[in-house]
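Have a look at the structure first, then read on.

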Amino acid sequence: MGDEAVALGAVHAGLTAAYAYPGTPSTEAFEFLLRYADRHGHPVASWCANEKTAYEQALGVSMVSRRSLVVMKHVGLNVAADPFINSAIVSVHGGLVLAIADDPGMHSSQNEQDSRFYADFARIVCFEPANQQEAYEMTREAFEVSERFEIPVMVRLVTRLAHSRSIVEAHQGEAERPLDKARDPASWTLLPAHARGLWRRLLDTQSEMLSLSEESPFNPLELSDDDRGLGIITTGIARGYLRQNLSDLDYTPSLLHLGVYPIPVSKVRVLAEKCDRILVLEEGYPLVERQLRGLLPTLLPISGKETGELPLDGELTPESVRRSLGLPTRAQVQIAADLPARPPQLCPGCPHRDSYDALREALGGYELSIVNADIGCYTLGAAPPYQAIESCVCMGAAVGMAKGAADAGLFPVVAVIGDSTFLHSGVTPLMDAVAADTDMTLMILDNEAVGMTGAQHTVLASSRLEPLVLGLGVDPDHCHVVEARPNKVNELTAVLRRELEHRGLSVVIPVRECIEHVRRRKAEAKRS
């Protein structure tokens, strides 16, 4: 897998520690590191409360001169944006690489955002592999570049590469870097007086980063004597889709592939001088296409996503690239039978089914109510037959949104969140609700795992949730832990009805182990 190639590349670069929060399509990279650490005793590999804490721990490893990796999906970088952007200014000592997996097509995400914009925003180097071998090679080089420029470096994957498989040729691994505390504390202390100088230093190194990109073999330029005026720029896996169609053209276009950013301006201009028009093939947002418009003569036609040659949403495909080249559509394989739709749904035996049954029963009779929910398996409660939730925006939002609805005067108000998501970013909005004694009921569906991403362990054991909630100041008389089982639905319903009528904050924690977690635990026990 592309995910595993990144993880192996990091290990062979002398990795000391890695941190992550589960999120498809990035999870498999960290699962690989956990298995590797279990077999070999290194590197340190830990799931974290959220992407921000993961990034900050990786930053701490770098501060003492050792190499660290932080792994997350694209929307996770929103959570880690604060330390990430600021870390571009400090003097990274040990190589710090962030592997970000974007999800064009939203296979398991709430948006399609393109992490290359974050790299551009932070003014750092970004690698974008086109295949699994490059995922391995680029990750190793990313550590070198990080230490050379003293910046974090991004490796950007997309779903199709992260989850597809290929053989990778690995090389000799490097030794772990020696422990050495940062010599200049000022370079890690972003007081305004220090930060201004560090920001200036980052700006001054931009030209060197550009030179790196211009000279990189990951940005090859191939000029053709028979290009018919067409120059094509590809990024990441778009190169593979182009190659699948090139043989059907009756000419050979000039090609520039981008695997390293910032965009190599000189190479782009050499390509433009050779051609009458440019076609940009890139997965995600039209980042390169937009930047070209400021780099090239305005009269030179530039086409891609913004001009409609490629769709603005969803994944690129060999067929969409084929259409952008003006080639006829290939004959499609006709499937004889209509396949049934298979929308995502709660697993048979999932404890959330019983919690949703109880919640629907408890809310019966109210003319107006609202249930705000969160990311994860709870989102599946929106689909029939449950139709028990009414929102899903981002990690932790259920609690804050419910508080807002209650502040606006709606009654009754319920927030539904999972145990891992609560620990990720539901704790802080609960503090707001505690401070205001908000008239709402919070349900923390505790299945003792991060269920949707493969039943990883949560950072805190289930038994510590109730003490945590009480420690925040929730009234013990209105905090209840109830088993989520089919024969306990009536009991859970009664508790919910009572707390919905309570004028003030209440918390109900239905508990039963995730069915996938049970299977995994039993399989591991059988193997050991």
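## The largest pocket

Let's start with the largest pocket: 45 residues line it, and Ser108, Ile375, Gly376, Cys377 and Met452 are the ones nearest its centre. Among the elements, α4 (74-79), α17 (419-436) and α20 (515-527) each give two or more residues to this lining, and α17 gives the most, with five. The pocket's volume is about 960 Å³. Sorted by class, its lining has 22 nonpolar, 19 polar and four charged residues.

Some terms: on a 1 Å grid over the protein atoms alone, a pocket is an open set of points where a 1.4 Å probe fits, with protein on both sides within 12 Å along at least five of seven lines, and lining residues have an atom within 4 Å of a point. Points are joined across faces, edges and corners, and the volume is the space filled by probe spheres set on them. Helices (H or I, at least four residues) and strands (E, at least two) are DSSP runs, numbered from the N terminus. Ala, Val, Leu, Ile, Met, Phe, Trp, Tyr, Cys and Pro count as nonpolar, Asp, Glu, Lys and Arg as charged, and the others, Gly among them, as polar.

## About the model

This is a predicted model: local features need pLDDT of at least 70 and side-chain atom pairs pLDDT 80 or more, while totals for chains, interfaces and linings use all residues. Residues are numbered from 1 along each chain as its sequence is written, and side-chain values use heavy atoms, leaving out hydrogens and water.

## The second largest pocket

The lining divides into three nonpolar, two polar and seven charged residues.

Leaving aside neighbours within four places in sequence, Met154 is in contact (heavy atoms within 4.5 Å) with residues including Leu77, Phe84 and Phe127.

## An open sheet

Five strands form an open sheet in the order β7-β9-β8-β11-β12, with mixed pairing. Two strands pair if DSSP finds at least two bridges between them. β7 (221-222) and β12 (302-303) are at the edges with a single partner strand each, so one side of each has no neighbour in the sheet.
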